[in-house]
Number of protein chains: 4
Amino acid sequence: VNIVEIGEDPGRPLISVIGQGDVPVDDPRYDLAVKLGKALIDKGYRLVTGGYGGIMEGASMGARQSDKYTEGDVIGILKGFDRKASNRYVDIPITTGFGIARNQIVAGSDAVIAIGGGSGTLSEIAMAWQLGRLIIAYRVEGWSGKLADRTVDGRIRYPDIDDDMVYGVDGETDAVLMLDRYLTLYMDHY
Amino acid sequence: VNIVEIGEDPGRPLISVIGQGDVPVDDPRYDLAVKLGKALIDKGYRLVTGGYGGIMEGASMGARQSDKYTEGDVIGILKGFDRKASNRYVDIPITTGFGIARNQIVAGSDAVIAIGGGSGTLSEIAMAWQLGRLIIAYRVEGWSGKLADRTVDGRIRYPDIDDDMVYGVDGETDAVLMLDRYLTLYMDHY
Amino acid sequence: VNIVEIGEDPGRPLISVIGQGDVPVDDPRYDLAVKLGKALIDKGYRLVTGGYGGIMEGASMGARQSDKYTEGDVIGILKGFDRKASNRYVDIPITTGFGIARNQIVAGSDAVIAIGGGSGTLSEIAMAWQLGRLIIAYRVEGWSGKLADRTVDGRIRYPDIDDDMVYGVDGETDAVLMLDRYLTLYMDHY
Amino acid sequence: VNIVEIGEDPGRPLISVIGQGDVPVDDPRYDLAVKLGKALIDKGYRLVTGGYGGIMEGASMGARQSDKYTEGDVIGILKGFDRKASNRYVDIPITTGFGIARNQIVAGSDAVIAIGGGSGTLSEIAMAWQLGRLIIAYRVEGWSGKLADRTVDGRIRYPDIDDDMVYGVDGETDAVLMLDRYLTLYMDHY
């Protein structure tokens, strides 16, 4: 029988990595996703993606490269009911049947990190903003780059977080530093 | 007993008008929404909004000012289950319980017209793009202005629609012209 | 310009009629649905269905036979994004993209009336119960008959409604009487 | 770096355990849930629940008692966005914001096992039936007992599965045997 230490707040934080599903493996952003996936697991986070290809696949593959990876760390939130549609690095394919409205689940995790991104990623960033989530964005081509270091709208989401914005980063080291600095602060408001 | 003429395609087209819920009545964009709501009903369309205040309220009020308005022309797609939360010009409050994921329904109508907008509107435009919808955007402050006359991402949504983009307009006359020109073309693809 | 009288509570009540989509037109329950649809519009209610065939089609056709019918009284809440998939009596096809989770919207209207029904109808009755909705069920073959005059579970939903249950009825006259007696009472709790 | 063996079908099967959230710990069904949760993990499955109390909590606690348990085996699909609302045995709280429509996700896992249950459980069984899922039900008080060894409706879901029904069981040994016998057969159809 396992002895499991249980806190009040269940589970390790869930960090979503979002970005285009059609980024090829030789795109520099794919490599950024691999490194980010690995870094997140190294730091003890769990990974959530939309479960398909491109950035989602890269991050999921990277997660499995971490020495700290244990099976169950990589979650894919799928649009439909076909678990086999997920990329092969997903441990837990959550089949939702909600179509792109499942973006609300991806956007509603404990923090969201965007690498590039088209309209799907944009809808997730916008929803994460609405839901008050911590958002980190890579300064690369795509919507993450356009929104990095900016606010999505003029709303004051948290009066006690002076510099609330989409925090721009250039790589996984910065991204993890941002999580260190901000995650607890934001999660206290969820 | 009514004699109702029934075609193959049920119902008049549903046009969503989207924009911030906190635009005050003395904001010029509120007036634009009133005029647009009226123009849409004048032309025989039905109006869909998110059901709350600001732009949604303005468009709904305007719809009722049309001589062609009949009760039932104004639909509000609400986040929660409280029908009373809708603005008072809504004829049909659809209570969804889906939270902001209900944006998928607003974005998935027959066409979407944005006036300004913050993160909520942005998520709706992004989803409408993903869903292949006709999108028209006012060249005013807010996300509609930033995305007018642009594409949301590089995807070729319809090879046979050369100039597919978020069509920019300056007022209800232009908006209705755009619907005249493009709505059937886009609806053939839904 | 129309002069529209506006109360605090927007819109006429929305009554959902639910039942199997594959009931043929010569099934007695189809005829019950037609009569119910007509009776609901006669009394000033608006009709909501899942938008497809069988009971949903019958009720929608019936609605159009009422002298009080005006275009816009018949709403279909569809699973997908194809408006043409709705039956031809639907005035307002709401395309949701939520699959069968759209049952939450059908179940969350102001009251639900079931005529027969398989697993889909059963999920809607169960959800309507969870959402605290007024539920009326025909004493006919199918889940409406099995649950008529019973409670769905032991929960006390409303301490002030002594006889809260799935109210059994035998036809549209009874069904409308039940709405007369109970609808305001239940809606005060939504 | 881990060497992870990757098949075509990602991840271990996800088995949902459903039942009332208010079953107290001294109810015999709570104990059944604990034993079932343990047995599922013993056999290498992953556990999905609605994430709250009663049967959901019992099954989640039981999962952690298995010698094969690894952190990440217990998933809770929550109604709202508050991860802290989940029971303390949940490893992965998936916050959906879909309300009870999240039942579609619970019902859409690889198989569903019901222990008792009120209206919420009933809606999940009904949805699982609609989605073609393998359903196992304990012959105990509540909806699982009423539907055990029966079909939910007359639809022939799979012509090649002669005895398709809600398979009744009396305990975790039977439940696991049923999974052994039927899970692959059903999953081939998803």
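These legends accompany close-up views of a predicted model.

**View 1. The open sheet of chain A.** Seven strands make up this sheet, and the sheet is open. Read across, the strand order in chain A is β4-β3-β2-β1-β5-β6-β7. The pairing is parallel. At the edges lie β4 (92-95) and β7 (167-169) of chain A, each of which pairs on one side only. From one strand to the next, the twist averages 25°.

**View 2. Helix α6 on the sheet of chain A.** Helix α6 of chain A spans residues 172-187 and packs on the sheet. The strands touched by α6 are β1 (14-18), β5 (111-114), β6 (134-138) and β7 of chain A. The direction of α6 makes about 170° with that of β6(A).

**View 3. Strands β2 and β3 of chain A, side by side.** Strand β2 of chain A covers residues 46-49, and strand β3 of chain A covers residues 74-78. The two run parallel and are joined by three bridges. Look for A:Thr49: its bridge partner in β3(A) is A:Gly76. Strands of a sheet pair through backbone hydrogen bonds, either parallel or antiparallel.

**View 4. The interface between chain A and chain D.** Here 47 residues of chain A are in contact with 46 residues of chain D. About 3,900 Å² of area is buried between the two chains. Carbon and sulfur atoms give 54% of that area.

**View 5. Polar and charged links between chain A and chain D.** Six salt bridges are counted between these chains. In one salt bridge, the side chain of A:Arg83 meets that of D:Asp110, at 2.9 Å from N to O. The count of residue pairs in polar contact between chain A and chain D is 16, with both residues at pLDDT 80 or more.

**View 6. The side of chain A that touches chain D.** β3, β4 and α3 (103-107) of chain A each supply at least two residues to this side. β4(A) gives the most, with four residues. By class, the side has 20 nonpolar, 14 polar and 13 charged residues.

**View 7. A salt bridge within chain B.** Over all chains, the structure holds 56 salt bridges. This view shows the one in which the side chains of B:Asp73 and B:Arg46 meet, at 3.5 Å from N to O. The pair links distant parts of the chain, 27 residues apart. B:Asp73 sits in the loop between α2 (55-64) and β3 (74-78) of chain B. B:Arg46 belongs to strand β2 (residues 46-49) of chain B.

Definitions and conventions
Residues numbered from 1 in each chain as written. Chains lettered and ligands numbered in written order. Predicted model: local features only at pLDDT ≥ 70, side-chain atom pairs only at ≥ 80, totals over all residues. Heavy atoms only, no water. Pairing = 2+ DSSP bridges. Axes fitted to C-alpha atoms, helices over the stretch in contact; angles between N-to-C directions. Contact = heavy atoms within 4.5 Å. Buried area = accessible area lost by both parts, 1.4 Å probe. Salt bridge = Lys/Arg side-chain N within 4 Å of Asp/Glu carboxyl O. Polar contact = N/O pair within 3.5 Å; in protein donor to acceptor, adjacent residues only side chain to side chain. Nonpolar A, V, L, I, M, F, W, Y, C, P; charged D, E, K, R; others polar.
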